[in-house]
Amino acid sequence: MKKISDRLFYVGVNDDDKVLFEGLWPLPVGVSYNSYIVKDEKVALIDTVESGFEEEYLANIDEALEGRAIDYLVVNHMEPDHSSLISLMLERYPDLKIVANSKTVPMLSGYYAVPQERVTVMGEGESLDLGSCSLRFHMIPMVHWPETMVTWLEEEGTLFSGDAFGTFGSIDDDVVDSEGTFDEFRDEMMRYYSNIVGKYGNPVQSALKRLSGLEIKRICSTHGPVWEKNIPQVVSLYDKMSRYETERGVCIVYGSMYGNTAAAADALAMELEALGVPYSVHDLAGNNAGELGVSGALRDVFKYDTIVVGSPTYNNGIYPPVETFMKALQSRLIKGRRFYAFGSYTWAGASVRLLNEAASALNFEILGEGLSFPQAYSRDKVDMAAVAELLK
């Protein structure tokens with residue numbers, strides 16, 4: 001438990017054991033599940049945490065409450081990493097009322113069999129009086145589920161933002177950010193956004209507009225640090241990503257069966273390095289230790305304006321890990337990118353043509369016909385210096 005202000009307490013937990021978030025996204029530096037208590041004449045708990053942390057979570061709550069009971073549980077978002085302990089809270093506090101919006105009600109019933117009489121339904125802009133302060137609720141649907149809302153504690157300028165402005169990564173004992181926290185978490189915030197929220201750029205833009213009139217002094221997300229000192233940078237980054245804005249640079253992604261497409265990718269990286277072009281390289285097949293695969297590649301798709309994709313021809317098609325990546329671009333509605341394809345083949349080349357067709361369907365700017373080379377990679381056969389010049 002960490003005291004943030006006289007009435008606000010952090011009661012979340014860190015998860016440093018889980019390998020994959022949502023069973024998909026690597027967690028090399030862990031993740032936090034954040035929950036908060038507002039203590040006034042009435043006590044409100046804002047969201048819960050993932051199951052498996054009951055003992056630690058209850059200990060944090062007891063320390064913050066100092067013998068008091070919880071009157072309200074505000075549910076901003078129903079994803080189970082934030083709602084799994086709702087049933088536990090209802091059992092522990094028989095008089096507790098859940099505060100949610102109408103779209104949350106059927107999910108409460110379906111996940112946890114919560115009876116209607118224990119739910120207080122709030123609409124856009126409605127408030128819950130806690131005594132000397134109140135909580136007001138704003139709907140931000142599809143950021144990134146349809147029932148998502150945020151909770152505003154005006155007396156402290158505090159926005160309980162759900163998954164918005166969240167980030168992968170465990171948080172330290174300080175909980176509240178310092179001057180360098182944004183730089184520390186920036187890549188993991190981008191990876192979280194690109195992996196989890198990336199499809200919903202338009203709803204994020206709508207949410208930012210809806211919340212723009214609030215004088216925000218503190219952001220309490222459900223993942224990552226409490227933001228106080230870095231709010232302009234955090235909001236600006238979300239705004240930029242949700243508008244699909246990038247900086248000049250090249251995100252190289254590839255899959256390779258026997259190392260030939262990988263060798264071409266490495267050669268391109270060396271040529272870009274020589275030209276001073278910012279770049280990143282991602283092995284989608286996960287053959288290199290520490291690789292984040294699609295997860296890290298998607299982060300850099302939201303960072304750089306050029307995507308270079310390498311794939312060998314596999315069963316007359318695209319190598320499956322690379323095909324998964326292309327589908328991930330499509331599902332996230334990525335737009336406004338430059339694109340180049342390359343890859344090896346043994347007896348018939350198809351991957352580069354198919355990659356260009358997929359990129360054309362996304363309205364990417366196709367930079368030439370691509371580079372398809374037979375059998376083994378060699379510098380004489382594959383002119384990556386010319387490709388780098390095209391990309392710079």
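Reader: What makes Phe53 count as buried or exposed?

Author: In this predicted model, where local features need pLDDT of at least 70, side-chain atom pairs count only at pLDDT 80 or more, and totals for chains, interfaces and linings use all residues, Phe53 has a relative accessible area of 16%. Buried means under 20%, exposed over 50% and partly exposed in between, with a 1.4 Å probe and protein chains only, so Phe53 is buried. Residues are numbered from 1 along each chain as its sequence is written, and side-chain values use heavy atoms, leaving out hydrogens and water.

Reader: How many aromatic pairs does a search of the whole structure find?

Author: The search finds 14 aromatic pairs, and one of them is formed by Tyr33 and Phe53, edge-to-face, at 5.8 Å centre to centre with 65 degrees between the planes. Rings of Phe, Tyr and Trp (its six-membered ring) pair if their centres lie within 6.5 Å, and planes under 30 degrees apart count as stacked, over 60 as edge-to-face and the rest as tilted.

Reader: Which residues do ring pairs link into a cluster?

Author: The cluster linked by ring pairs consists of Phe165, Tyr193, Tyr238, Tyr244 and Phe302.
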